[in-house]
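The following questions and answers examine one structure, with its sequence and coordinates shown first.

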Amino acid sequence: MKHKRFNRSTCYKILSVAVITILAVLFAFPLYWIITGSFKTSAAINATTPQWWPEEWVLANYQKLFSRQYAPLWEIHIPFTGFTFAGPDVPAAIRWLLNTVFMAVAAMLFTCITSAMAGYALAKKRFLGRTLVFSLIVCAMALPKQVILIPLLREMASLELYNTIWAVIFPIVGWPFGVFLMKQFSEGIPGEMMEAAKIDGAGEWKTFYTIALPLIKPGIGALAIFTFINSWNDYFMQLIMLTSTKNLTIPLGIAKLQAENAMDFGLIMAGASLAAIPIIIIFLIFQKYFTKGITMGAVKG
Amino acid sequence: MKKRKIMAMALSCLMVLSAVGCGNGDSGSTSGSAAGTGSSAATNQSSAQAQTGGTEGAEITLWTYPIGKWGDSATVDGLIANFNAVHPEIKVTVEYLDYSNGDDQINTAIEGNQAPDIVLEGPERLVANWGAKGLMVDLADLWTDEAKAAIYESVESACKGSDGVYYEYPLCMTAHTMAINKDIFEAAGAMQYIDEANGTWTTDDFIKAVQAVYDSGQANVGAVYCNGQGGDQGTRALVNNLYGGTFTNAEHTEYTANSEENIKALQLLYDMDGINYDASIVGGDEINMFCNGTLAMAFCWNIAQEKNNLDKINFDVLPMAFPSTGDPKLCGGIWGFGIFNNGDEAKIAAAKTFIDFMANDEKQAVESVKASSYWPVKDLGNIYEGDDLMTEYSKFVPYMGDYYQVVGGWAEARTAWWNMLQQVGSGVDVKTAVEEFVATSNAAANAAQ
Amino acid sequence: MAAEKKNPMSKALVRRETIAGYAFMLPSLVFFLGFVIYPMVQCVITSFFDATMNREDIFIGLANYTELFQDTVFLGALRNTAVIVIVSVPVVCIFSLWVSSVIYDLKGAACSAFRCIFYLPVVTGSVAVTVVWKWMFNNYYGIFNYVGTSTGLLKQNINWLGDERYALGCIILILLTTSVGQPIVLYVSALNNVDQSLVEAAEVDGATKFQCFWKIKWPQIMPTTLYILVITTINSFQCFALIQLLTSGGPNHSTDTIMYYIYYNAFKLYRYGYGNAMGVVLAVIIAVLSAVQFKLAERD
């Protein structure tokens with residue numbers, strides 16, 4: 001009896017793994033197709049019978065991508081003087097990549113710092129209006145940013161931030177999920193430790209810095225990963241807020257590439273590879289942290 | 001202590017990054033080297049000059065739609081280099097738009113207070129849309145008596161708003177045609193229905209030809225693309241010509257697409273074998289599928305399409321007028337410059353200087369027009385001497401019909417048009433769909449007046 | 001706990017705590033109030049105006065809202081959004097639970113390889129992924145039609161994205177592939193954390209696999225399920241890039257979602273007030289849904 005059941009469940013298991021393997025292949029296919037496609041000749045890519053593996057590997061698509069448009073690698077603007085130091089001209093796609101990295105990293109840093117502080121305060125400080133602030137945060141959390149796009153656009157215009165990377169970063173930082181998450185993590189800080197620090201004469205900042213921060217570090221890591229991925233793929237905000245070629249991000253750049261060269265699939269694939277590969281490499285390197293971060297976010301969230 | 005170090009490092013990182021970020025931002029309005037041209041030294045210099053004010057050192061932005069080679073940065077850089085040889089004090093930054101997202105991009109930029117200074121497009125946008133909304137500068141200074149005398153009258157009237165104000169200074173024009181894949185048509189024995197010398201065919205012959213091609217095994221003869229913006233002139237001209245309908249009334253005040261002729265034409269296209277209403281593709285996709293042989297004919301065609309796609313085409317392209325019962329009436333395209341009123345007199349003056357140079361300078365005008373691969377809007381002599389392709393297409397210019405795209409509510413009508421085609425394609429009754437389109441568009445036209 | 005200890009809080013202490021609290025909140029509040037709350041308030045205000053490009057806004061009271069509920073396209077968009085949410089949320093949950101339950105006890109490398117592959121579309125980003133899907137769905141030489149017709153499953157090419165009947169389904173399919181990555185990661189770790197001794201005890205008692213799962217594992221992974229429900233719902237509501245890049249809401253508005261229709265009204269028809277009214281309605285719907293989900297979470 002027992003033996004039979006064992007067999008049946010093994011059967012089920014093998015069958016399921018087989019099905020999941022097929023599905024996994026389908027999931028990986030778009031990426032496979034983007035990367036191989038970017039090395040195909042245009043004849044191969046437009047062939048009515050799909051060429052599953054490039055017969056001839058060419059770099060022409062990348063050459064085309066990199067020779068299309070140029071932008072300075074960086075521009076440092078000195079406020080109030082009107083002086084701008086621009087870097088050497090590089091292919092615009094490289095600049096897009098840099099913009100995207102800058103955006104994601106800046107959004108991540110800002111979010112982590114502000115959220116860690118605010119979450120700590122919400123969890124550990126008994127201040128007036130705490131409940132109000134917290135309920136506002138909970139309410140706003142589920143709201144898609146897109147709902148407020150028109151007022152946000154007008155606001156960015158009047159702050160003269162429109163068409164700057166900050167117009168994308170600030171709404172991400174303002175999104176209150178991080179504060180909520182950090183509050184959940186900060187709840188776990190033992191009150192006794194804070195009391196002890198206070199008795200030792202530590203000020204508010206020092207208590208936060210020496211006691212709370214080390215304890216919520218794993219939470220900050222989780223939030224960092226979360227914010228990084230979310231902002232990397234925050235296509236909508238980027239679409240509304242950025243216009244100049246040199247200010248584009250890589251997802252926006254590819255979308256534009258696709259619109260301009262409707263069916264030059266090789267070129268589009270080259271752009272898509274450029275967008276996908278860096279983040280995939282980051283993902284593979286930090287895979288362990290990603291899974292841990294996502295899980296931790298869920299447990300506390 | 002280690003932690004403090006890390007924290008300090010993170011903070012300094014952040015500060016450096018924010019410095020870079022600031023650059024990212026403000027440069028949008030202050031520096032911005034034209035793609036591929038400006039070196040860093042030039043950028044510094046010109047932004048320093050910008051502080052002195054006046055036309056001296058003005059920096060203007062030019063946004064172009066892909067009008068021939070005006071959408072190609074290498075070509076445009078050359079044109080701007082010519083301009084800077086004469087006017088080194090004015091710095092021009094170029095952005096390239098596409099027809100799928102270009103309008104949205106300009107509209108968000110307007111709302112973001114960063115509208116470009118100059119836009120290169122046609123009256124349907126410059127005059128009927130942004131001009132009518134009071135966003136454009138009156139170009140009366142450019143429209144001197146001399147200019148009025150030189151520029152063709154039909155072009156001039158299209159560049160004026162209903163208030164008589166000039167919102168566009170034209171550069172070039174063309175007649176939008178369609179094209180067929182001659183190899184496929186020959187193989188199917190369909191060439192007998194075509195007047196090859198004149199590039200015309202009657203509606204009946206069109207029906208027979210498409211049927212012949214379809215019967216020869218080409219399942220996709222043509223596609224009435226209707227996914228979105230861009231290339232709508234092709235579908236409009238096709239529908240209007242088949243039975244001699246019109247898109248608007250003669251005064252350009254009302255949409256008349258619900259006339260019997262138009263309904264009959266839409267129904268015909270729906271019923272024909274080999275022609276599909278395809279909501280999954282846009283005009284650009286259609287062109288590409290024609291060029292790679294998937295489709296046997298293209299409705300979104302003109303001389304620039306053939307020139308830009310020469311390397312992709314490995315068959316004989318035959319440009320054709322749209323099939324009609326009488327004389328074909330082709331949709332014209334008139335492209336020129338408009339200036340957004342950004343409230344900066346120096347920039348407006350610089351923009352006018354730029355337009356004047358590009359469109360009126362004796363040597364430059366020819367080059368500017370040639371870059372578009374269309375025809376000049378005034379007599380510049382035979383600028384395409386010896387260019388067989390241009391000669392082949394020039395036979396269509398006399399078929400140019402009424403330029404009705406200046407009718408009010410054009411932006412709304414254009415989106416409604418796509419939706420109407422999609423409805424017809426999904427099997428909605430043609431009359432119902434067209435009536436809805438006309439009601440929406442006329443409401444928008446009335447609101448605009 | 002900390003609060004209990006210093007329960008009789010003196011006024012001075014309250015003041016000190018308040019100052020410190022707000023000092024710590026300040027950086028976050030600046031962004032939150034400036035870029036979330038302020039625009040939200042603006043959104044509500046402008047929804048009562050006829051706002052358009054380059055003209056003073058005109059107060060029109062509730063006219064935007066009354067028009068909204070007579071606008072068949074908006075109602076259609078509402079329906080499409082609901083369809084996307086109603087289909088994708090359960091499918092994502094069930095599918096990811098099934099995949100996780102199969103892979104979680106595989107040998108280490110295999111499990112993480114699978115997890116990684118299913119997570120790939122999430123990191124690749126919808127824009128890059130969409131580029132390929134657009135080609136796969138192509139009417140004339142897409143891979144679905146190629147495989148379908150050459151294996152005889154399809155009699156003729158189907159215009160996947162250009163046909164009212166299929167377009168929304170295609171969008172949902174792509175959305176699913178970019179949404180299951182995170183739930184799978186979550187379920188795998190939740191299943192790994194299930195108390196094994198309970199499972200073993202149940203097995204000794206002769207419980208079937210199914211009973212084991214339903215009675216022991218399911219309650220333990222319930223919090224994870226709730227979290228997945230919440231994030232998937234939010235994600236499905238935000239589906240925009242796919243629609244903008246693939247169908248622009250067509251054919252015949254069959255893939256219009258509220259999100260896309262807001263964008264469409266704002267930047268194609270210049271109706272800012274109207275778009276904002278839609279935003280307000282959507283926000284209310286989402287708020288109600290979240291409240292329900294929070295109540296559910298509390299009950300458990």
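Q: Over which residues of chain C does pLDDT stay under 50?
A: This is a predicted model, in which local features need pLDDT of at least 70, side-chain atom pairs count only at pLDDT 80 or more, and totals for chains, interfaces and linings use all residues. Residues are numbered from 1 along each chain as its sequence is written, while chains are lettered from A and ligands numbered from 1 in the order in which they are written. pLDDT is the predictor's confidence in each residue, from 0 to 100. For the stretch in question the model has six contacts beyond four places in sequence (a contact means C-beta atoms, placed from the backbone, within 7 Å), and the stretch under 50 is residues 1-6 of chain C.

Q: Which helix of chain C has the highest mean confidence?
A: Chain C averages a pLDDT of 87, and 96% of its residues score at least 70. Helices (H or I, at least four residues) and strands (E, at least two) are DSSP runs, numbered from the N terminus. Confidence in chain C is lowest in helix H1 (residues 2-5) of chain C, at a mean of 45. The highest value, 94, belongs to helix H3 (residues 63-68) of chain C.

Q: Which helix gives the largest share of the side of chain A that touches chain C?
A: Chain A and chain C each bring 74 residues to their contact. On the side of chain A, these divide into 53 nonpolar, 14 polar and seven charged residues; Ala, Val, Leu, Ile, Met, Phe, Trp, Tyr, Cys and Pro count as nonpolar, Asp, Glu, Lys and Arg as charged, and the others, Gly among them, as polar. The largest share, twelve residues, comes from helix H1 (residues 2-37) of chain A.

Q: Which residues of chain C does Ile254(A) contact?
A: Neighbours within four places in sequence are left aside here. Within chain A, Ile254(A) is in contact with Ile268(A), Gly271(A), Ala272(A) and Ala275(A). From chain C, its partners are Val127(C), Ala128(C) and Val131(C).

Q: How far apart are the centres of domain 1 and domain 2 of chain B?
A: An automatic or database domain assignment sets the bounds. For chain B it gives domain 1 (52-174 + 334-388) and domain 2 (177-329 + 408-448). The contact takes eleven residues from domain 1 of chain B and 14 residues from domain 2 of chain B. Taken over C-alpha atoms, the separation of the centres is 29 Å.

Q: Why is one side of strand S2 and of strand S11 of chain B left without a neighbour in the sheet?
A: Six strands of chain B form an open sheet of mixed pairing, in the order S2-S1-S3-S10-S4-S11; two strands pair if DSSP finds at least two bridges between them. Strand S2 (91-96) and strand S11 (375-376) of chain B stand at the edges, so each has a single partner strand.

Q: Is Val119(B) buried or exposed?
A: Val119(B) lies in strand S3 (residues 118-121) of chain B. Not counting residues up to four places away in sequence, Val119(B) touches Trp63(B), Ile106(B), Leu126(B), Gly338(B) and Phe340(B). Because 25 other C-beta atoms lie within 10 Å, Val119(B) is buried.

Q: Which residue in S7(B) stands opposite Gly222(B)?
A: Strand S6 (residues 222-225) of chain B is covered on both faces, with Gly222(B) and Val224(B) buried on one side and Ala223(B) and Tyr225(B) buried on the other. S6(B) pairs with strand S7 (residues 275-278) of chain B in the parallel sense over four bridges. In that pairing, the residue opposite Gly222(B) is Ile275(B).

Terms used. Two residues are in contact if their C-beta atoms, placed from the backbone, lie within 7 Å. A residue is buried if 20 or more other C-beta atoms lie within 10 Å of its own, exposed if 12 or fewer, and partly exposed in between; C-beta atoms are placed from the backbone.
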